[in-house]
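Hi,

Here is the structure I said I would pass on.

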Amino acid sequence: MQHYEVIVIGSGPAGKTAAIQAAKLGRKVAVVDGMSEVGGVCVHTGTIPSKTLRETVLNLTGLRERGFYGRSYRVKQDITAADLMRRLNLTLKREVDILEDQLLRNGVEITCGHGRFISEKEIEVDTPGGDVITLSAERFIVTVGTRTYRPDYVPFNGDTVIDSDEVTRMQRLPRSITVVGAGVVGVEYATIFNALDIAVTLIEPRETMLDFLDKEILMHFRHDIVDAGLRLQFGQKVAAIEVKNRAAGSTCVVRLESGRAFASDMVLFAAGRVGATDRLGLDKVGLEVDHRGRLSVNDTFQTAVPHIYAAGDVIGFPSLASTSLEQGRIAALHALGEPVHKSPEFFPYGIYAVPEMSTVGMSEEEVIGRKIPYEVGITPLRETSRGKVMGLDSGVIKAIFSTKSRRLLGVHIVGEGATELIHIGQAVLTLKGTLDYFLENAFNYPTLAEAYKVAALYAHNRIAALDT
């Protein structure tokens, strides 16, 4: 039986950084992952695949160029699933190669197979070859991530009724699709399919979507996707999903509790994810999970069992690859008794829909709730010189400032490059910067980042008007 100082169960973003951090401290480390290759959900079915598909769709459709050449412009007329999967498979292969190299060159041992606790310091691993091996460790870090929520009433078949993991294995593109669930995953895929000129209906039982976002930014986003032809059906729950086999092919029917029904070639059920903890044998170590299969941890990612830590999506919000990377590192440091830095106070949230959205800091609703006197600067991206060069006709940057201290309180962006542009706001927020940073510094010209300066000028002029 192999013994380690640290065993990391799962090799997604949190698992990768936890294992490498522990190895860099000179400890004997192993990673155990239930997939045939390292990378976890992030690499194989989640973050990297969905963002690769988005980029491929934008490139092949020519969507970014339609501001100049019109809505009929296409780079490739007949886009197939094979076109999308070709680039996806190349990207995933490179990602796995890089990740495996990072782990191995840091001395991390990799074992593929499902691991489960059999005692407080031992796990069994079912290897792909059918063998069962036992590994032991002084400390464990659980980073198994999540899996798709698959309720019994949904007739999943991997072809016409699929979950978000199965999008990456599609053999064909539908002419129409109904997406159930307007969370981040559902919204991203709904807008990606819509960009392919596939008729999309997005169904959500709540009256709203993405409630954590600034409402004004969400208003701009909603206008953009409706204008692009995406059909929204909110405020009604799904009662049943049926697959009708006909001579001309299968038709999927989504029936709502109100009695209304929607027919389409395909249904994507994207109404949530649950922690992939059901096969971990947590009862053997006295750990329990919540109703969504998630583990509870303290601020150093330690569970109720002191030598077992958890990080990444398996602990719930914010369930971001970016924050998972930091959580894994912090968990490893604390587990090994090393100095630990705090989790970042401000982290950006990126939604890779079409168009992108990203946010950091407080929304306008949060600022109002805290009764902080504030002013807002908003700049349409099309009004920047770079926006004109790119042919943009939508997108805004919204910056919120305190009128008392002039400090930046939050930045919210919808439009091209939102997930890149947000880091300027993140840096200024983290360093407790003020409106004056944007006023007194030069930005490359022409860039979309100029919009920060214009937004700051708008806010400055409004604040100045209050003082006169």
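Predicted model: local features only at pLDDT ≥ 70, side-chain atom pairs only at ≥ 80, totals over all residues.

Let's start with helix 1, which covers residues 13-24. Its 12 residues reach 17 Å from the first C-alpha to the last, close to the 16 Å expected at 1.5 Å a residue. Helix 1 is largely enclosed by the rest of the structure, because 10 of its 12 residues are buried, with buried meaning under 20% relative accessible area. If you want to find them, the buried ones are Pro-13, Ala-14, Gly-15, Thr-17, Ala-18, Ala-19, Ile-20, Gln-21, Ala-22 and Ala-23.

So what covers those buried residues of helix 1? The cover includes strand 1 (2-9), strand 2 (29-33) and strand 6 (132-142), along with helix 2 (40-44), helix 5 (81-105) and helix 8 (321-335). After helix 1 comes Gly-26, which has a positive phi, near 85°.

Now for the second largest pocket, which holds about 800 Å³ of space. It is lined by 27 residues, and the closest to its centre are Leu-63, Ala-228, Val-354, Asp-393 and Ser-394. Two or more lining residues come from each of helix 3 (47-61), helix 4 (66-69), helix 6 (184-195) and helix 7 (215-227). Helix 7 gives the largest share, with four residues.

What classes of residue make up that lining? There are 11 charged, nine nonpolar and seven polar residues in the lining of this pocket.

Cheers

Technical notes. Residues numbered from 1 in each chain as written. Heavy atoms only, no water. 1 Å grid on protein atoms, 1.4 Å probe; cavity = no way out; pocket = protein on both sides within 12 Å on 5 of 7 lines; lining within 4 Å. Points joined across faces, edges and corners; volume = space filled by probe spheres on them. Nonpolar A, V, L, I, M, F, W, Y, C, P; charged D, E, K, R; others polar. Expected span 1.5 Å × (residues − 1). Buried < 20%, exposed > 50% of the residue type's maximum accessible area, 1.4 Å probe, protein only. Contact = heavy atoms within 4.5 Å.
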